[in-house]
Amino acid sequence: MTAAGSGRTGSGQERRNGTGSGQKGAVCGQEEQSRTGCVRERQNIYMGQFHRKTDRDSRNRCEEITADGLPLLQFPALRQEDGIRHAFTTRAGGVSAGHLASLNLSFSRGDKETNVRENFRRVARFFGVPEERFVFSDQTHTANVRVVTEDDAGCGLTRPRSYADVDGLVTDVPELVLSIFTADCVPVYFYDPVRRAIGLSHSGWKGTAARIGAETVRLMREKYGTDPADLLCAIGPSICQDCYEVSADVADIFAAEFAGHEAELLIDKGNGKYQLDLWAANRIVLTEAGVKQAHISVTDICTCCNPDLLFSHRASHGMRGNMGAFLMLTR
Ligand SMILES: [Zn+2]
């Protein structure tokens, strides 16, 4: 309950940590240390130095912030919304060591439980709620989406989950922190400011091919009366097309599911291998589900291009922790 008494960490307490990849000297540890004097864990992590996909629309650029000492990524289009709080974590700002350094959010990848719990305490502080308000997915690469209610509070973090095989979460309950975990797979954020409902999905290649994004929209429409045209969505930091080589069987699945979009999604390398664009595929899933193109932010940061700053399954050959994508309705 350490976070409960700490109050909200509103935007007034946050500080921009550099203005982008071009800024030199935006060394998180040094900058923070000079101001607060107590960030030993992060000294070797350099924020402000993300490799970015520069062909992306500048409106969609992920912003780096440092909130209450914790470096995070946010989307400007979601950040400006008063009704929600969201974040994507990085490797920085935690207490885990070695290949799990430092903000590992997985209990099942060899970390000490005390480390992971401390890392979550820091994330909870940013959201201004106790850890009992987090609700985890149970990711198995399905397109299953769960309607989260008050009864699910704490599931996965402070008490066991009562459900399995859940790769997406939706809710209209304020101050429940929907939580999914990735290290190259695509997190997709959904916010309906009209009906006051949110969703968050884990969309790896299987989830993308199964259109979990569309299932999330469908469930929000069914449960909350969401009009897809009202939704604000964000496709979060994950593996880019340049880094994501797939075999012909996966390429065939996408060519069939996204007929007419093959040229947009797949680059044939001519050796039986293809480069797959999961960001574009998820954007197509969302637009075909009725989300307006102008309401979709797409990350310009790839996990695999930034293995020192973000956990990447591919870049680390599986020796990695998990990052978290989090979304909460405010009261
Ligand atoms: Zn990349």
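Predicted model: local features only at pLDDT ≥ 70, side-chain atom pairs only at ≥ 80, totals over all residues.
I started with the open sheet of six strands, which has mixed pairing and the order β6-β7-β10-β9-β11-β15. Strands and helices here are DSSP runs, numbered from the N terminus: E of at least two residues for strands, H or I of at least four for helices. Two strands pair if DSSP finds at least two bridges between them. I then looked up the edges: β6 (145-147) and β15 (296-298) each have a single partner strand, so one side of each is left without a neighbour in the sheet. Neighbouring strands of this sheet are turned by 15° against each other on average, direction ignored.

Residues are numbered from 1 along each chain as its sequence is written.

I checked β11 (residues 232-235) against β15: the two pair in the parallel sense over three bridges. In this pair, C233 stands opposite I296 of β15.

**Helix α5.** I next looked at what packs on the sheet. Helix α5 (residues 212-224) does, touching β6, β7 (168-171), β9 (186-192) and β10 (197-203). The direction of α5 makes about 160° with that of β10. Axes are lines fitted to C-alpha atoms, for helices over the stretch in contact, and angles run from 0 to 180 degrees between N-to-C directions.

**A214.** I picked this residue in helix α5. A214 is buried, with 20 other C-beta atoms within 10 Å. The cut-offs are 20 or more for buried, 12 or fewer for exposed, and partly exposed in between, with C-beta atoms placed from the backbone. Leaving aside neighbours within four places in sequence, A214 is in contact with V285, E288 and A289. Contact requires C-beta atoms, placed from the backbone, within 7 Å. I also took the C-alpha separation of A214 and V285: 6.1 Å, for residues 71 apart along the chain.

**Strand β14.** I moved on to residues 273-276, where the side chains alternate. I found β12 (residues 245-247) paired with β14 in the antiparallel sense over three bridges. V246 has Y274 as its bridge partner in β14. Strand β13 (residues 266-268) also runs antiparallel to β14, joined by three bridges. I267 stands opposite Q275.

Definitions and conventions: Contact = placed C-beta atoms within 7 Å.
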